[in-house]
Amino acid sequence: MAAVLLGWLLRASGRGGVDDASVNSTSCDRAAAAAAATAVSASKTTAKPAEACRAALSADMPIPLIDMSLPEAEAAAALRYACEEFGFFYLKNHGVPAADIEAMFRESRRFFATSLELKMRVVADKNNRGFTPMGEETLDPAQQSEGDTKEGYYIGKHSTAPLPLHGPNQWPEHVPSFQPAMEVYFDALVNLGHRTARLVALALELDADFFAQKGRCDDPMVFLRLLRYAPRRSEPSAGVYGCGAHTDYGMLTFLVTDDVPGLEIWREGRWLSVPKVPGCFVVNLGDMLQRWTNDAWQATRHRVVNRLGLERFSTPFFWEPNFDCRVECVSTCVHEQWPARYAPITSGQFLLDKYRSTHANFKE
């Protein structure tokens, strides 16, 4: 049985030397984990943690850093450590030109600076493409007194497939330079997702091309979401957040931001600020990848708290499996004493269920 499963079982059973807060107790039965760890460890030992990642952690870099210029095996080992322990990591030497990132932010600012009337001409359609007004999304209804203090713009892959979440993009005619810049950046991030998915497969002790196989992620659902946060100070005690606490729905999210801080992740019983590191993406895994790994990897709750009350620009890119991909626990994360904890589901159905619960204007 795979070492990736043993590492999780040891932590879940309290035998891994890791603070209990790093384990999601709601999805873990300690007794079952201990029994399964004993069985698995008889035939497999866990890999040595990525010590270089651990040693580099600091207040300025509180999550592991993955260097894509390293040999694949080294990068995959570091990624496995990051996903087992944090669910978040910085990604450097990713190959996306800085000029493309700068152009994307320039056009994002240009669009959001236009009037609400003009923005509403491209309001999000049933395929989840276009403008989403301020407060339209509420990611943590139990804690929020109002919607997120942000507005957004969704861009997806142009598609003629007769499926939900597929279709043509909407482009703001009043900002003619917007579409070319976004298409260049979008294509670069699609490619980055494929390269990162290869590392994910290796980290899970699967064939490197596991996710690239036909029917899995060879035709991924991908969404670029431009975000503008209002220049308004968050008030957590009053239920006002830039973005409510949540886990991402899908497989992988690639985030770049401007220099205004705000991102926080829940770790070891407290909210931890994740600052921008120049030249790096912040990457996190989502609920779908947690499901695929049978809880061996955990999606981490995160939020945006605008403590400075400044306008803030942020751009997540969501890289998801094919719409019809069957998501089921992979063999390296299942054992007879730790069976699959989730029934198979298609990627598209999983995402549709999530969108319905958080977007006020979502249509099908």
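Glu-84 and Arg-80 both sit in helix H4 (residues 72-85), where they are 4 residues apart, about one turn of the helix. Their side chains meet in a salt bridge, with 3.0 Å from N to O, and both Glu-84 and Arg-80 are buried. The model is a predicted one. Its chain has 9 helices and 14 strands, and 57% of the 364 residues count as buried.

**The chain as a whole**

- The accessible surface of the chain comes to about 15,000 Å², and 52% of this belongs to carbon and sulfur atoms.
- Among the contacts in the chain with a separation of 6 or more, 78% are between residues 24 or more positions apart.
- The structure holds 23 salt bridges, including the pair Glu-84 and Arg-80 in helix H4.

**Salt bridges between separate parts of the chain**

- Asp-140 forms a salt bridge with Arg-301, and the closest N and O atoms of the pair are 3.7 Å apart.
- Asp-140 is in the loop between E3 and E4, while Arg-301 is in the loop between helix H8 (287-292) and E11, so this pair ties together parts that are 161 residues apart in sequence.
- Asp-140 counts as buried because its relative accessibility is 12%, under the 20% limit.
- Arg-301, at 36% relative accessibility, counts as partly exposed.
- Glu-264 and Arg-307 also meet through their side chains in a salt bridge, at 2.9 Å from N to O.
- Glu-264 belongs to strand E8 and Arg-307 to the loop between E11 and E12, so the pair ties together parts that are 43 residues apart in sequence.
- Glu-264 is buried, with a relative accessible area of 6%, whereas Arg-307 is partly exposed at 46% relative accessibility.

- An open sheet is formed by 8 strands in the order E1-E2-E10-E7-E12-E5-E4-E3, and its pairing is mixed.
- At the edges are strand E1 (65-67) and strand E3 (130-132), each of which pairs on one side only.
- On average, neighbouring strands of this sheet are turned by 25° against each other, direction ignored.
- Within the sheet, strand E7 (residues 252-257) and strand E12 (residues 312-320) run antiparallel and are joined by 6 bridges.
- In this pairing, Leu-252 stands opposite Trp-319 in E12.

**Helices on that sheet**

- Helix H5 (residues 98-112) packs on the sheet and touches E3, E4, strand E5 (221-229), E7, strand E10 (281-285) and E12.
- The direction of helix H5 makes about 115° with that of E12.
- Helix H7 lies across strand E2 (88-92), E4, E5, E7, E10 and E12, and runs at about 50° to E12.

**The sheet of 4 strands**

- Another open sheet has 4 strands in the order E6-E11-E8-E9, with antiparallel pairing.
- Strand E6 (243-246) and strand E9 (270-273) stand at its edges with a single partner strand each, so one side of each is left without a neighbour in the sheet.
- From one strand to the next, the twist averages 25°.
- Strand E8 (residues 263-267) and strand E11 (residues 302-304) run antiparallel, with 3 bridges joining them.
- Here Leu-263 stands opposite Val-304 in E11.

**The loop around Ser-159**

- Ser-159 is placed in the loop between strand E4 (150-156) and helix H7 (178-203).
- Ser-159 counts as buried because its relative accessibility is 15%, under the 20% limit.
- Apart from its neighbours within four places in sequence, Ser-159 is in contact with His-166, Gly-167 and Pro-168.
- Ser-159 and Asn-169 are 10 residues apart along the chain, and their C-alpha atoms are separated by 8.7 Å.

**A nonpolar patch on the surface**

- Leu-116, Met-120 and Val-123 form a nonpolar patch on the surface, and together they have about 240 Å² of accessible area.
- Leu-116 is placed in helix H6 (residues 116-120).
- Leu-116 counts as exposed because its relative accessibility is 52%, over the 50% limit.

Terms used
Residues are numbered from 1 along each chain as its sequence is written. This is a predicted model: local features need pLDDT of at least 70, side-chain atom pairs count only at pLDDT 80 or more; totals for chains, interfaces and linings use all residues. Side-chain values use heavy atoms; hydrogens and water are left out. Helices (H or I, at least four residues) and strands (E, at least two) are DSSP runs, numbered from the N terminus. Buried means under 20% relative accessible area, exposed over 50%, partly exposed in between (1.4 Å probe, protein chains only). Contact means heavy atoms within 4.5 Å. Two strands pair if DSSP finds at least two bridges between them. Axes are lines fitted to C-alpha atoms, for helices over the stretch in contact, and angles run from 0 to 180 degrees between N-to-C directions. Patches are made of residues with over 30% relative accessible area and no salt bridge: like charges are joined within 9 Å, nonpolar side chains (Val, Leu, Ile, Met, Phe, Trp, Tyr) within 5 Å. Accessible areas come from the Shrake-Rupley method with a 1.4 Å probe; for residues, only the protein chains shown count as cover. A salt bridge is a side-chain nitrogen of Lys or Arg within 4 Å of a carboxyl oxygen of Asp or Glu.
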